[in-house]
Structure formats: structure tokens, C-alpha cells
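Here is a friendly walk through a structure you can follow on screen. Have the sequence and the 3D view at hand as you read.

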2 protein chains.
Amino acid sequence: MEQEISGGYLWSPKVENSGARSQFYENMRLASPRDHVLSYAKGVIAFVGTVTEFAFSAAKPTEFANVGKQWAKEGWLLPVLWQRLSTPVRPKSVIAQLREHLPERYSPIQAKTGKGNQKAYLAAIDEAIYNIVLVQGYGSYLQDGVSLSSSRIGTDIREELDAQEERRIVLDPALSMTEKQQLVTSRRGQGEFRRNLCMIERGCRITGVQNQALLVASHIKPWRSCASSHERLDGHNGFLMTPHVDRLFDRGFIAFQDDGQILLSPRVSVHDIRSLGLFKALARNVGPFAQQQMQYVAYHRTEVFMSAVA
Amino acid sequence: MEQEISGGYLWSPKVENSGARSQFYENMRLASPRDHVLSYAKGVIAFVGTVTEFAFSAAKPTEFANVGKQWAKEGWLLPVLWQRLSTPVRPKSVIAQLREHLPERYSPIQAKTGKGNQKAYLAAIDEAIYNIVLVQGYGSYLQDGVSLSSSRIGTDIREELDAQEERRIVLDPALSMTEKQQLVTSRRGQGEFRRNLCMIERGCRITGVQNQALLVASHIKPWRSCASSHERLDGHNGFLMTPHVDRLFDRGFIAFQDDGQILLSPRVSVHDIRSLGLFKALARNVGPFAQQQMQYVAYHRTEVFMSAVA
């Protein structure tokens, strides 16, 4: 989709409308930084891309407008750096070369005809296919793959998404100046949101730190995913966290069970947890939670947490 | 100064122009959150305030314009929540009451006459003086002190200062759109600055973490204190740090010797360092530094680090 190309990402729902699991959507979470991806639409591959970051949970980008109206709001966003091929490649014309490298299951194109597979979204392909497309699309002088253009590395797409949302808030005629101010400052865990949170929480539930200078006011349901102004300012939608715990929580590397047990994602290594000095702390029970915190904790666990891919 | 009142702070140089130490400036660093302060100017106390945060190193606010032209650029900024007294209090008129509570050394007003002491900037006073002023300024119905208005708690004045500087950059006609973009994104440790930094540093020198998702691109000389665009984008003016180390470094709770030894500020407790899981890590030597990093490391150590008050 052109929105995904210009935005520098791929976005998919997490499951099919029926609620059924889809391998093509699960593949979003399997893609790793530096993986190569091909973009196929209307019979041609016009763009190749490089994954810059693991996928994370994000609302359907507003650029989609009416595309996929039936999809759930929250899906996987996979940051990809796209480059246009100098010559678009038509798989149908090179199907003889591609055929032997196509996977038996979940193939993006049909091995017989070279036509696209309707249900495919993100499919795993052999490096050989990527190389064939690259040679066709760029000419034979370029066989080492596309190097990651420097313009995108080091830019966090979450910042861009948040900044977009901030612009929408600032331009929203339905909000008063005070509300705009409160919502914008709540993005950084400041102002009204932090004050509300500090009336409920005293310190970091994982490390026990209570020194305000060392604490971040972290949203449980992420600021960018909040459905209303109320959720963004709700003191129950937050925890005070030391900055390293905040990072793990924000990225979905840890989550909390309703009973206060901490879940650790396979996305982060035990070695890193040790280096962060959190090995013992993660064995703690961080409960109990207030009734009003529970819905946010559950949202974070099901939507943001990077659990093992089944 | 009215700029300080409306801005919600006190600002002083760190030392006198001669380079000599000043107790009145040192007091900036001794003030603690919830301390009460009185603002005396032109013979009257018109405002009382409550310290909201410890002082930190910051450039002379631009609102000062030509005030204190001779002062060094970098000084102490003490966040204070000011409230106007309903009746300004003239110390001269109540000197008989105040006299016995005035300190012998470094008094803000002269015990004999009640006139202001020219050299005084921030002076330590007895709670009794504060109470006398409060009764005079608000009337006797209010003797319990001024409660901290809720509007300011939870707002980080650093964010406000940075946002001001960002607006100056965006409006600067001497900068191209690309430069503006680079400078603004570098504030969050993103974009060009992070790319430059990643060519020099591999991971967190304190924890050893190399997982990019767990690292912050942290300026050594703070973004808001940088003297030029070059300093803001210079890869040598940064370290990759895990978020809790970044917070300690940014607040001046730790600093580095030229030989790579880590200095710990008395502003943070060993108990907190243990809770952060950094007790062992802080014993590491984080050197050596590249020649071009040294000037920034030295700036951070002398200007940002919160060393013990002599």
C-alpha cells in the first residue's frame, strides 16, 4: 500500500476478523531488524525494503482512511525502510526462476501461475527470491543487496507516530486550550497525568525506588493507543517506574499478570536483564492492583506485550 | 526579578565574576524541594515561593536579556512555585520583629536598618521570618504556610526550557529546514545525532548492554546547553546509555573522570543505586575516551554534575 511505502512501515491486524490466527500476520512479529522485504501490489514488485526494528503494537495508521475499515483498531506496525526499484519486477515474467524457491505453505505467489496469493500479507521467502528480484529490478551491477540508507537509522517511528497524534490534538477544535496543554504534556508523563498518578502510586513497583527525580510517569495503555482524553490523563492508567523498567514496559518486553506476577518477553535476553540489574527484581510480585488499573494492565498484556510467537 | 517570578524559578551564576565562591550562590544548591523562599526587591517582599525541585545547571534564561550581561552563561536554576502576597511586606516596617531571627552571617537584610543587603542573592533564613512575613502579607487567618498549588507539581521545568529552545530553532531564519529537523530530533537523541553517535559508541559503558532497543542516545554536554548546532549533532558529544544510567547522567547524579572512573553525587543515595541494580556497575572504569569526547566529559563533570557543596 502506498501509505505504508511513504510512511516507512508495514501494518497489519493481529488476527483475522473472525478472530482466527493468521500466519501472514504472525510473520510481522517474526521479522527482525535487517531482514529484507519485498512489496507486491497489482501484479508487480516496485519496492524492496529493510526492516529497521521489530514490530510493535500500534493503532491502524490514519493514512489508511477507509482501507480495511473492518479491521480491529490495534495491529502490528513493522518499521521498514523502502527503496523504489529502478525497474518494477513482474513475478509472472520470472516465475520459472522463482518457482523452485517458493515455500510450499504460505507462499506469497502461486508457483504455477506467478499470480499473487489473495490471502498473503507478509510471507517468509527465501533469500534467493530476493536476489532474483533485486537483479531484475536494479540490473546486474547490484547484487549485494540494498544498503540501509542512512536517513532512517536512529529515528524512532514511535516518536513520529506520537508527533502526528500531537498535531491532531493541537488542531482539534473540540478541545479547549487547557485540555490540549494537558494532553500534550501527558505524552511525556508530565503535568496533570503525573499529578493524578502520584495520588495513586508512590514509587516503582519493581525496583522500589521512591525518589521522584529517578521516576518516570509511564502510561500502562500507551499514550498513542488511548481511546480518549480521559484515558490519557487517568491516574489509574499509569505506573511510576525507574527509567529502565519504563523502557522494558513501554516496548512490551515485560507485562504484568492480574495477580502481580511479571511476564518476561523472549524479545529480551536474560543476559540483558542481568546487565540492567533487574534479574532479582523481576521475580517480585508487583501486585495488588486497584480495580481501575486492571483493565489497563490487561490491555498492556494482550496488546503491547511481545509474547512468544506461537 | 520579575522574569524569575513569571518563569517559576530562581537563577544565579555559579561563582562571582572574579571566580570567587559565593555563599549566596552555593545556597541555590542547598535548597531542597518544599523549602520556602521569599522574594525581596526594591525594599519589599511581594512574593513567597516553594522550591519544587533541586537546582540544576542551566544557561542564563533568555528572558534576562541584558540583566547580568557580565555573568557566565551557565548557572544554577532553582525551580520555585511563586505566589503573590495579598499585601507586599516592607521588612523595614517590621524589622523590630525580624531582628532576633536574622542570621549573623550572610543575612539578606541588615538587622539594624532593615535595608536589603546588596550582595545577598539567596540567603538562608529562619522559619520564624517566613511566618512573620506570611502573617503580614496574607493577614492572620493564614498561618500554616502556603500550600503548593497543584498546577506546577509534576511539570519538569527542563521540558519547558527545552521546548523554548526548540521554538527558537524552528523560528531561526539562519537555519535550513534540514538543519532544523536534525536539531529538533537530536533533542530526543534521535536521527542524525544518534547515527553519528552509533559510529563511535557500541553500547552502554556502564551496564554493557548493546541491544539498541534498550539504549538511549544521551548528550554528554546537555542539548539545552550546547553552544552550536555542531555540538548538538556531534557524535563525540554522546554516549549510548541504558535509560536508568541516562537519567543519572542527565541529572548530574553521576559523572566521569578523565581516566574513566565514575563519580557519584551525594544527591543520590547508595540505597537508590542498589535499587537501580547499579551498585557493582558503578565501580567499573568506563574509559578510555576519545580525545574529542574529553572536552564534553569535562564540561559535564564541572557544570552538570551535582558534587558535594563545599
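## Two cis peptide bonds

B:Pro288 sits in the loop between helix 10 (270–275) and helix 11 (291–304) of chain B; helices (H or I, at least four residues) and strands (E, at least two) are DSSP runs, numbered from the N terminus. The peptide bond leading from B:Gly287 to B:Pro288 is cis, with omega near -5°. In chain A, a cis peptide bond joins A:Gly287 and A:Pro288, and omega is about -5°. Most residues other than glycine have a negative phi, and most peptide bonds are trans.

This is a predicted model, in which local features need pLDDT of at least 70 and side-chain atom pairs count only at pLDDT 80 or more, while totals for chains, interfaces and linings use all residues. Residues are numbered from 1 along each chain as its sequence is written, chains are lettered from A and ligands numbered from 1 in the order in which they are written, and side-chain values use heavy atoms, leaving out hydrogens and water.

## Positive phi in two loops

A:Tyr106 is not a glycine, yet its phi is positive, about 55°. You will find A:Tyr106 in the loop between helix 3 (95–98) and helix 4 (127–138) of chain A. With a relative accessible area of 36%, A:Tyr106 is partly exposed (buried means under 20% relative accessible area, exposed over 50%, partly exposed in between, with a 1.4 Å probe and protein chains only).

B:Lys42, also not a glycine, has a positive phi of about 50°. Its loop runs between strand 2 (36–41) and strand 3 (44–51) of chain B, and B:Lys42 counts as exposed at 83% relative accessibility.

Which residues of helix 6 (residues 177–187) of chain A are buried? They are A:Lys180, A:Leu183, A:Ser186 and A:Arg187. These residues lie on the same side of helix 6 of chain A because they cover an arc of only 135° around the axis (the arc of the directions from the helix axis to the C-beta atoms). On the other side, A:Met177 and A:Thr178 are exposed. After helix 6 of chain A comes A:Gly189, with a positive phi near 70°.

## Where the chains meet

The contact (heavy atoms within 4.5 Å) takes 33 residues from chain B and 33 residues from chain A. About 2600 Å² is buried between the chains, and carbon and sulfur atoms give 55% of that; buried area is the accessible area (1.4 Å probe) that two parts lose on being put together, summed over both. In chain B, B:Arg195, B:Leu214 and B:Arg247 lose the most area to chain A, together 21% of what that side buries.
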